[in-house]
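The sequence and structure are shown here.

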Amino acid sequence: MKVRKPVIDYSEVPLYWSENHEFAQRWNAGSFIPAYIEPFLVKVLHEAKPLLDASNKKLANEVDIFIKQEMEHCKNHVKFNRRFWSFGYDELRPMEAAFAKDYDDWMKTKSLRFRLAYCEGFEAMSAISVTAIFEESDEFFAKADQNVVDLWKWHLAEEYEHRTVMYDVFHQLYYKNPVSGYFWRIYGLFYAMVHMGGFSARMTKVLLDKDRSTMTPEQRAQSFANEKRSKKALARPALKHLLEILSPFYNPAKRRPPRGVEAYLGESFERVAVKAVPVPA
Ligand SMILES: [Fe+2]
Ligand SMILES: [Fe+2]
């Protein structure tokens, strides 16, 4: 695990950065999630860190890298979202504000156990997105804007890389009784699925409904067909991962890397980091 700081330019990114516009809009909506949950993960870990076993230096070091990785993810999604707002869609603003407020409220009202379980639910669920982006999205990325492809590939490859950290923190603090530990982990998972899945589905629906409002019947039919294809990319890996996560023997350390993840963090990442650095005249 290490901290990477890609230099990605979002200033010219088109709204429909994939030829499948419905795929682009689904992930445009999805980009609002990390802008808010990732600062929340960081705050929760800052609170949990002093409670961890001080002799476990490995976990303490991983928590520090995890925090820095999530902060870089968040910064990039905020930049991307700023570009997204230049295309309008102001009807999403109240939904975004309500989502942000949930996390602010939870810092005051929810127990650390609940918040860590929710965060681990999010980290576990990200396995579905990692597999979807690396193994199910080639057709959507074929002629896509490389900046946005890099945003999601870099982010999700690091989600794979740091997949054990939140689990290990939750496990160390709240798994002394395995029955209640399991209950809370699964409760956090379902809470995260409903909370974030619902938010992302509502945002996507507003975007697609607006886009379709000016379409001809033929264009609308094509739009629904595109949406179906883009949803399948997420649905295909979902069941397999959910079954693994629901198991009482779930161990993210054993999760195999989706195709291309490790290569992306190696050679491909060097390309991302270097390409936007200005060449001296
Ligand atoms: Fe992240
Ligand atoms: Fe993460």
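The text below goes from the overall fold to single residues.

**Overall fold**

The model is predicted. Its mean pLDDT is 93, and 95% of the residues reach 70 or more. Along the principal axes, the C-alpha atoms fill a box of roughly 60 × 50 × 35 Å.

Of the 281 residues, 37% count as buried. Among contacts with a separation of 6 or more, 91% involve residues 24 or more positions apart.

One stretch calls for caution. Over residues 276-281, pLDDT stays under 50, and the model has 4 contacts beyond four places in sequence for them. Where pLDDT is low, the predicted coordinates should not be read in detail.

| Helix | Residues | Length | First to last C-alpha | Expected span |
|---|---|---|---|---|
| Helix 5 | 112-135 | 24 residues | 35 Å | 34 Å |
| Helix 9 | 178-212 | 35 residues | 49 Å | 51 Å |

In helix 5 the span is close to the expected value, and this also holds for helix 9. Because 20 of its 24 residues are buried, helix 5 is largely enclosed by the rest of the structure.

The buried residues of helix 9 include Trp184, Arg185, Gly188, Phe199 and Thr204. Against which helices do the buried residues of helix 9 pack? They pack against helix 1 (21-30), helix 2 (32-48), helix 4 (93-109), helix 5, helix 8 (165-174) and helix 10 (217-246).

In soluble globular proteins, nonpolar side chains tend to be buried together. Here the largest nonpolar core has 63 residues, and Tyr36, Leu116 and Val169 are those with the most contacts inside it. Helix 5 supplies the largest share of this core, 13 residues. Leaving aside neighbours within four places in sequence, Val169 is in contact with Leu45, Ala48, Leu52, Val63 and Leu116.

Not counting residues up to four places away in sequence, Phe66 touches Leu45, His162 and Val165. Leu45 is also among the contacts of Val169.

Two C-alpha separations give a sense of scale. Lys58 and Ala225, 167 residues apart along the chain, have C-alpha atoms separated by 48 Å. For Phe66 and Glu139, 73 residues apart along the chain, the separation is 31 Å.

Tyr89 lies in the loop between helix 3 and helix 4. Since 18 other C-beta atoms lie within 10 Å, Tyr89 is partly exposed. Most residues other than glycine have a negative phi. In Tyr89, phi is near 65°, a positive value in a residue other than glycine.

Notes:
Residues are numbered from 1 along each chain as its sequence is written. Chains are lettered from A and ligands numbered from 1 in the order in which they are written. This is a predicted model: local features need pLDDT of at least 70, side-chain atom pairs count only at pLDDT 80 or more; totals for chains, interfaces and linings use all residues. A residue is buried if 20 or more other C-beta atoms lie within 10 Å of its own, exposed if 12 or fewer, and partly exposed in between; C-beta atoms are placed from the backbone. Two residues are in contact if their C-beta atoms, placed from the backbone, lie within 7 Å. Helices (H or I, at least four residues) and strands (E, at least two) are DSSP runs, numbered from the N terminus. The expected span of a helix is 1.5 Å times one less than its number of residues. A nonpolar core is a set of buried Ala, Val, Leu, Ile, Met, Phe, Trp, Tyr and Cys residues joined through C-beta atoms within 7 Å. pLDDT is the predictor's confidence in each residue, from 0 to 100.
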